[in-house]
Amino acid sequence: MRRLLTVLLGSAALLGGIAHAADKKATEKPGDVPKAIKALHDSFLVLDTHLDTPEHFSRHGWSMLDEHGVAKDGSQVDLPRMKAGGLDGGFYVIYTGQGDLTAEGYRKARDFALNRATEIREMVAAHPDQFELAYTAEDAVRINKAGKSFVFQSIENSWPIGEDLTLLQTFYATGVRMAGPVHFRNNQFADSSTDPKGKIWNGYSPLGLRWLAEANRLGILVDVSHASDDIVDQSVALSKAPIIASHSGAKAIFDHPRNLDDARIKKIADSGGAICINSVYLRASADSPERKAALEAIGRPPRDEASQADVVAWMAKKVAVDKQYPPVRANFETFMASMLHTLKIAGPKGVCVGADWDGGGGVEGFEDVADLPKITARLKAEGYSDADIQNIWSGNVLRLIAGAQAYAKSVAGK
């Protein structure tokens, strides 16, 4: 099986050949890429490493099978738009916003994250003819060949693990195959790139080093997006398998702590890892006083437990504000500038796509997953080969998943 996977991952043409363009029948929208490019795109196995879509799964009246709209309910991923954009699958995120580093905080975070993992599995179980859980790189290839969408799971922020690392094995059993130690604020494992208080551990904490070793032992791909520069350096140096940045960007395009400088992009790529390009943190955006006041007037968006009707009603108000006081946004060219710069540093074997859909991603001209063929069109225009583009879309990520699991298998039973 390992030899078969090596052949599959080493041959972009073969991976492209097994992706079923016939399953992607959605009609083209005005402004879509040329039909020949769309057909080429549909021949690739297309994967996104950071889908925050599970935040919608508990919403009454929202279904993964229905076509939604960014302007209607804010969502960016559903099955019709996945088919329109040729998205064959990806990592569905178990995200928990950072809270207190206390026994009670850990308990609440644990329960929330386990419930989110259950919601992902329930979505798949409810639609077995359309979706299937994936646990290995081979699974993604097999599920795609069967004409279904593959569902990997990832953890964004390992705060819910608390101080009990056996919970990492519990999440692995649910299907988690990628995890990041930290999010916007420092936690018990690691320093964040964006905590306003600054770093407290100078990278990993002692517990965080054990978290890293346990992730390696289990075969969980280590994700350094949101982590501090020290964490990137230490992960490259200490991880027994190559690492990933599941949704990051180039600091050379926009100097933000969440983005990676050229030295670290090169360090990750040279060690065999990859950087998946994000569509957030691409330019500064300062709201005018009028826009701030208008947004405050409509209140915060409904939370996860709100109904679809509640969300649609709030979004109508948000769209009206955007029309009267347009937000300052990056555009598709800025997103591609981040990708092309990273490709220049890391090469096509060190880049992937993790646009942060449903988690703050999306820019002008690149609003939801239906727009994914635009990346293929631009990469072809820049002279990248079909083999390069296949690696960017999924080959690099599948290689990393396989590598993390190969290490785990090599140490099992020792």
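User: What share of the contacts in the chain with a separation of 6 or more comes from residues 24 or more positions apart?

Analyst: In this predicted model, residues 24 or more positions apart make up 71% of those contacts. A pair of residues is in contact if heavy atoms lie within 4.5 Å.

User: How do you know whether the radius of gyration agrees with that of a compact globule?

Analyst: For 414 residues, the rule puts a compact globule near 22 Å. The chain has 20 Å, so the value agrees with a compact globule. The C-alpha trace spans about 60 × 50 × 45 Å along its principal axes, and 55% of the 414 residues count as buried.

User: Why is D139 called buried?

Analyst: The cut-off for buried is under 20% relative accessible area. D139 has 14% relative accessibility, so D139 counts as buried.

User: And why is R142 called partly exposed?

Analyst: R142 has a relative accessible area of 40%.

User: What makes the pair D139 and R142 a salt bridge?

Analyst: The closest N and O atoms of D139 and R142 are 3.3 Å apart. The limit is 4 Å, so the pair qualifies as a salt bridge. Both residues lie in helix α7 (residues 137-145), three residues apart, about one turn of the helix.

User: How do you know that D233 and R264 form a salt bridge, and which parts of the chain does the pair link?

Analyst: Their N to O distance is 2.9 Å, and the limit is 4 Å, so this is a salt bridge. The pair links distant parts of the chain: D233 is in helix α10 (residues 229-238) and R264 is in helix α11, 31 residues apart. Both D233 and R264 are buried.

User: What makes D386 and K380 a salt bridge, and how do you class D386 and K380 by accessibility?

Analyst: The side chains of D386 and K380 meet at 2.8 Å, N to O, so they too fall within 4 Å. D386 has 35% relative accessibility and counts as partly exposed. K380, with a relative accessible area of 30%, is also partly exposed.

User: Why is strand β7 described as mostly covered?

Analyst: Strand β7 covers residues 244-248, and five of its five residues are buried.

User: What makes β7 and β8 a pair of strands?

Analyst: Pairing takes at least two bridges; three join β7 to β8 (residues 274-277), so the strands pair. They run parallel, and A245 has I275 in β8 as its bridge partner. From β7 the chain crosses through helix α11 (residues 262-270) to β8, in a right-handed β-α-β crossover.

Terms used. Residues are numbered from 1 along each chain as its sequence is written. This is a predicted model: local features need pLDDT of at least 70, side-chain atom pairs count only at pLDDT 80 or more; totals for chains, interfaces and linings use all residues. Side-chain values use heavy atoms; hydrogens and water are left out. Buried means under 20% relative accessible area, exposed over 50%, partly exposed in between (1.4 Å probe, protein chains only). Helices (H or I, at least four residues) and strands (E, at least two) are DSSP runs, numbered from the N terminus. A crossover is right-handed if, with the strands pointing away from the viewer, the path from the first strand over the helix to the second runs clockwise. The radius of gyration is taken over C-alpha atoms; the globule rule is 2.2 Å times the number of residues to the power 0.38.
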